[in-house]
Amino acid sequence: MRLTGDWLRARHVQAVLEMLENAGHQAFLVGGCVRNGLINTTVSDIDIATDARPSRVIALAKDAGLKPVPTGLEHGTITVVFDGHPHEVTTFRRDVETHGRHATVAFSDDVAEDAARRDFTMNALYARADGEVLDPLGSGIADLSARHVRFVGDAQARIREDYLRILRFFRFTAWYGRDLDAEGLAACAKNCAGIETLSHERIGAEMKKLLAAPDPAPAVAAMSQAGILTAVLPGSDARALAPLIHLEDRPADPIRRLAVLGGDDVSERLRLSNSEARRLGRLRDAMASPERPEVLGYKLGKEDAADALLLHHALMGQEMPKDWQERLYSGANQVFPVKAADLMPAFQGPELGARLRNLEARWIASDFALTRDDLLG
């Protein structure tokens with residue numbers, strides 16, 4: 001099997017591979033770039049595996065006029081920058097001892113040992129500079145072709161090396177899988193308590209990647225049935241996620257999908273940014289509203305109003321009204337015709353605010369038909 005694609009032939013990719021190969025070292029593209037290249041989807045990060053030790057990679061990069069950055073020196077990773085493009089170059093490794101997130105590793109000269117310590121078989125595929133694909137485990141190509149996300153070796157052992165792999169299992173299944181590996185699912189459920197050892201930041205990043213998949217509903221439903229969703233988001237409910245995805249007419253949005261899942265202290269548990277937390281709060285408040293599309297458009301603006309309507313109808317198990325977009329956009333373009341200055345000095349302070357709210361409510365109830373004169377008359 002052979003990789004093709006413009007990204008593989010790119011000057012910056014070939015230059016880093018040739019830098020290592022010309023010095024007598026093994027050099028392979030590995031992981032996501034190989035996986036995505038084989039299934040003809042977007043390739044972004046370029047990871048390279050080599051038998052060259054980190055100090056050697058640094059020396060070779062400097063000699064070649066490239067910029068080496070020791071981003072993960074203790075794990076054998078040097079980021080080599082060429083023409084502004086970063087390439088993570090990591091020395092082959094084998095695990096000596098594993099203890100959660102941080103494993104004790106030894107450098108290796110054997111690509112098979114490097115493959116054996118990776119998480120999923122489809123991520124343990126390697127490719128030479130000419131695109132020739134290596135499958136050291138003998139199962140990665142078949143699993144990728146079948147879109148079967150399978151742990152490398154013993155699933156429980158892989159999970160206990162890093163409990164984030166529980167969430168990665170569901171995320172990779174949502175993005176690249178057709179079904180859930182039974183052994184992997186059972187191992188995730190059995191080791192669910194290990195999620196408590198993970199930082200909120202890592203959990204949040206992984207959940208957002210999962211919910212950005214085109215259709216994460218089957219994977220999230222399996223998480224729920226296995227008790228894993230409750231461990232991540234206590235109080236959440238996955239039942240309305242599939243209806244939401246059925247209704248969505250816009251790009252995938254993890255925050256919108258988080259809103260329909262619900263749960264307690266979501267922003268804190270997933271370490272959402274301030275802007276993400278505020279938006280999640282707005283959507284959670286608005287999605288229960290029975291307001292008409294026009295009113296939501298006026299109150300929330302086009303984007304948040306559209307999300308609130310999608311969420312509301314998903315929760316209710318209803319299809320969207322056929323003219324909802326036209327009505328929502330009509331409301332979003334409305335401008336309340338009365339200003340505070342129109343009511344002063346007759347109204348001041350709290351009375352002024354109350355009077356404005358009363359007039360605005362009347363104006364909204366009239367389908368925005370009442371004019372300024374009608375409201376002030």
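Since the model is predicted, local features need pLDDT of at least 70 and side-chain atom pairs count only at pLDDT 80 or more, while totals for chains, interfaces and linings use all residues.

Let me begin with the whole chain. The protein has 21 helices and nine strands, where helices (H or I, at least four residues) and strands (E, at least two) are DSSP runs numbered from the N terminus. Its C-alpha trace spans about 90 × 45 × 35 Å along the principal axes, and its radius of gyration is 27 Å, whereas a compact globule of 377 residues would have a value near 21 Å; that radius is taken over C-alpha atoms, and the globule rule is 2.2 Å times the number of residues to the power 0.38. Buried residues make up 49% of the 377, with buried meaning under 20% relative accessible area, exposed over 50%, and partly exposed in between (1.4 Å probe, protein chains only).

Now to the largest pocket, which holds about 1,500 Å³ of space. On a 1 Å grid over the protein atoms alone, a pocket is an open set of points where a 1.4 Å probe fits, with protein on both sides within 12 Å along at least five of seven lines, and lining residues have an atom within 4 Å of a point. The volume is the space filled by probe spheres set on the points, which are joined across faces, edges and corners. By class, the lining has 18 charged, 14 polar and eleven nonpolar residues; here Asp, Glu, Lys and Arg count as charged, Ala, Val, Leu, Ile, Met, Phe, Trp, Tyr, Cys and Pro as nonpolar, and the others, Gly among them, as polar.

My next stop is helix H14, residues 254-261. Eight of its eight residues are buried, so H14 is largely enclosed by the rest of the structure. The buried residues include Arg256 and Arg257, and the buried residues of H14 pack against several helices, among them H10, H11, H16 and H18, with contact meaning heavy atoms within 4.5 Å.

Finally, the backbone. Most residues other than glycine have a negative phi, and most peptide bonds are trans. Asp265, however, has a positive phi near 50°. Arg147, in the loop between H6 and H7, also has a positive phi, of about 55°, and at 23% relative accessibility Arg147 counts as partly exposed. The bond that joins Met344 and Pro345 is a cis peptide bond, with omega about 5°, and Pro345 lies in the loop between H19 and H20.

How values were computed. Residues numbered from 1 in each chain as written. Heavy atoms only, no water.
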